[in-house]
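Subject: Handover of a structure and notes on its contents

Dear colleague,

Please find below the structure that I am handing over to you. My notes follow it.

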Amino acid sequence: MMYYLEIEKKDLEYLAPIRHWSHLTLAFYNEIVYIKGFTPAQIQEATLSQIPNSIIYELKENLLFRIGKLVPSKKIASALLWMPICNALPIVLPKYNMNYFGIQEKIKLQMIKSDHEQQAFGLITKIDAVKGFIETLPQVRLQNLKWVLIEDSVLFLGTPLLPISAQTYWKKDNFLFPTGYTMEFDILFPFIKEQLCPEHDQLILFQNNNTYLSIPIEACKPLTISSFRLTVND
């Protein structure tokens, strides 16, 4: 089965997250862009559904059918000039101002529930909830973990995490997201990362209430029983 993705030419930059799918080819038709060469698995990727004004078609006898529809939507244009997607997209895309895009181009960063399972890399809990527990553990159990205090709470980072009932987070680059959640506009992640962490020296901790906290990476120290005891009892 041949699949086609249709987008508007003005939304071309939203294809950046799939630019590395080098087997895809792209063609322009007036103000429309067609992309073909997707595998069935790629068609199911959430990345495609997040592209604005995008439509996915199946090609049957030179006719384009929307997924699951029995009646064709249109006939594929003839004499299209197909090119590799990496040739059609610039490597460097414009930098966005995440606070102001223009009157019609504002976005709000927020968390949405994710369909994909992510491995927990961090957890946060109250200090009082783990004071006694940490001191009972052998050092070998702590050697792969780091930690940092956040007011009256403590954030543990690394794997395997401690067997504590607490809010957990998964990691993407220097960003920590609540497990079970992801960014609504994941395709804009490269631009958001550049805006919120241009020096790559911060951990950006997102909550599912759409707030975030910047934590200096250098503040995250190796977890040892002695350092934990001295710090929390200071």
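Predicted model: local features only at pLDDT ≥ 70, side-chain atom pairs only at ≥ 80, totals over all residues.

Residues are numbered from 1 along each chain as its sequence is written, and side-chain values use heavy atoms, with hydrogens and water left out.

The sheet

Helices (H or I, at least four residues) and strands (E, at least two) are DSSP runs, numbered from the N terminus. Eight strands form an open sheet of mixed pairing, in the order E16-E15-E13-E12-E9-E11-E10-E17; two strands pair if DSSP finds at least two bridges between them. At the edges stand strand E16 (212–216) and strand E17 (221–222), each with a single partner strand, so one side of each has no neighbour in the sheet. Helix H4 packs on the sheet, where it touches E9, E10 and E11, and its direction makes about 105° with that of E9. Contact here means heavy atoms within 4.5 Å, and angles run from 0 to 180 degrees between N-to-C directions, with axes fitted as lines to C-alpha atoms, for helices over the stretch in contact. Strand E13 (residues 175–178) pairs with strand E15 (residues 202–206) in the parallel sense, over two bridges. Leu176 has Leu205 in E15 as its bridge partner.

The helices

Helix H6 (residues 189–196) lies across strand E12 (167–172), E13, E15 and E16, and runs at about 120° to E13. Its buried residues are Phe189, Phe191 and Ile192. These residues cover an arc of only 160° around the axis, and therefore lie on the same side of H6. The arc is that of the directions from the helix axis to the C-beta atoms; buried means under 20% relative accessible area, exposed over 50%, and partly exposed in between (1.4 Å probe, protein chains only). The buried residues of H6 pack against E12, E13 and strand E14 (181–183).

In helix H7 (residues 225–232), Ile225, Phe228 and Val232 are the buried residues. Seen down the axis of H7, they fall within an arc of 70°, so they line one face of the helix. They pack against helix H4 (127–134), helix H5 (139–142), strand E10 (146–150) and strand E11 (153–157).

The aromatic residues

The structure holds 11 aromatic pairs. Rings of Phe, Tyr and Trp (its six-membered ring) pair if their centres lie within 6.5 Å; planes under 30 degrees apart count as stacked, over 60 as edge-to-face and the rest as tilted. Trp21 and Phe38 form an edge-to-face pair, 6.4 Å centre to centre with 85° between the planes. Both Trp21 and Phe38 are buried. Phe177 and Phe189 also form an edge-to-face pair, at 6.5 Å centre to centre and 65° between the planes. This pair links distant parts of the chain, with Phe177 in strand E13 and Phe189 in helix H6, 12 residues apart.

A loop residue

Gln118 lies in the loop between strand E8 (111–113) and strand E9 (122–126). With a relative accessible area of 17%, Gln118 is buried. Not counting residues up to four places away in sequence, Gln118 touches Trp170, Thr179, Gly180 and Tyr181.

With kind regards
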